[in-house]
Amino acid sequence: MRSPTAGLFLGLIITLAAVVAYSWYTTQQIAGLRALQNNIADRNRKDSLQLLRIQNDLNSVALAMRDMLDNDEPYPLTAWSAQFQRIRSDLDTALEVEEELAPTHRTPEQRQYLQQSLAQFWDAVDRTFALAQNGKPDEARNQIRLTLQARQAALSTAVARLLVQNNASEEQANLQIRQIYDRVQRQVYLFLGATLAAILLTAFI
């Protein structure tokens, strides 16, 4: 009778080769999945939180300007300067963090536009408070109506667009992650089928 050693040895080699190949494939897929989650999904989520922080600060600026224009309070316009300074400090911090977290699809032009728009806005704010401090409250309020409110609205729109882009990018990343999971699941079934077939084949050799 023929010894089964050769068949068993061949089956062992085939099984080990299949295990090594599948382990390498799974490792590559997991590494790609981890990079996708870290570089796109998690980064977009953190960046969106900073954009929401910036948007909240811009909304606070809009409310402060509305109060300055209503003129219902018995305070001079310069009384709001401390509030604007606090918002400016928080905005600067949020913008610095956001620039570090900005996703790769963000263009340099978008970053430059946001930075320049904020710089122009705060220059206009400084001019407004300078007018108020020099005893020209009416001119300062005109500056708010004609310049500050328009610049604040443009900034809010720009931040809203960036949030929409982040959401779209996050949805795309989630789709890619699901596709990777589905692909790995299919490969698991193929691997099990191939391994069982190899074992059965060698059993009859």
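This is a predicted model: local features need pLDDT of at least 70, side-chain atom pairs count only at pLDDT 80 or more; totals for chains, interfaces and linings use all residues.
How many salt bridges does the count come to in this structure? The count comes to three.

1. Main core. The largest nonpolar core holds 30 residues, and the members that touch the most others are Ile54, Phe84 and Trp122. Two or more residues come from each of helix H1 (5-70), helix H2 (81-101), helix H3 (108-133) and helix H4 (137-203). Ile54 shows some of this packing: apart from neighbours within four places in sequence, Ile54 contacts Leu91, Ala94, Leu95, Glu98 and Val159.

2. Leu155. This residue belongs to helix H4. Leu155 has a relative accessible area of 1% and is therefore buried, the limit being under 20%. Its contacts, with neighbours within four places in sequence left aside, are Leu58, Leu114, Ser117, Leu118 and Phe121. For Leu118 the C-alpha to C-alpha distance from Leu155 is 7.4 Å, although the two are 37 residues apart in sequence.

3. Arg53 and Asp90. The side chains of this pair form a salt bridge, with 2.8 Å from N to O. Arg53 sits in helix H1 and Asp90 in helix H2, so the bridge ties together parts that are 37 residues apart in sequence. Both ends are partly exposed: Arg53 has a relative accessible area of 27%, and Asp90 one of 25%.

4. Asp126 and Arg88. Here the closest N and O atoms of the salt bridge are 3.6 Å apart. Because Asp126 is in helix H3 and Arg88 in helix H2, the pair ties together parts that are 38 residues apart in sequence. Asp126 is partly exposed, at 39% relative accessible area. Arg88 is partly exposed as well, at 22%.

5. Asp67 and Arg66. A salt bridge of 3.5 Å, N to O, joins the side chains of these residues. Relative accessibility is 29% for Asp67, which counts as partly exposed. Arg66 also counts as partly exposed, with a value of 45%.

6. Asn166. The side chain of Asn166 is joined to that of Asp47 by a polar contact of 2.7 Å.

7. Cavity. A search of the whole structure turns up one cavity of 30 Å³ or more. The volume of the largest cavity is about 50 Å³. Its lining consists of Leu95, Glu98, Glu99, Ala102, Arg106, Gln110, Arg111, Leu114, Gln115 and Leu162. H2 and H3 each contribute at least two residues to that lining, and H3 contributes the most, with four.

Technical notes:
Residues are numbered from 1 along each chain as its sequence is written. Side-chain values use heavy atoms; hydrogens and water are left out. A nonpolar core is a set of buried Ala, Val, Leu, Ile, Met, Phe, Trp, Tyr and Cys residues joined through side-chain atoms within 4.5 Å. Buried means under 20% relative accessible area, exposed over 50%, partly exposed in between (1.4 Å probe, protein chains only). Contact means heavy atoms within 4.5 Å. A salt bridge is a side-chain nitrogen of Lys or Arg within 4 Å of a carboxyl oxygen of Asp or Glu. A polar contact is a pair of N or O atoms within 3.5 Å; within protein, one must be able to donate a hydrogen and the other to accept it, and residues adjacent in sequence count only if both atoms are side-chain atoms. On a 1 Å grid over the protein atoms alone, a cavity is a set of points where a 1.4 Å probe fits but cannot get out, and a pocket is an open set with protein on both sides within 12 Å along at least five of seven lines; lining residues have an atom within 4 Å of a point. Grid points are joined across faces, edges and corners, and a volume is the space filled by probe spheres set on the points.
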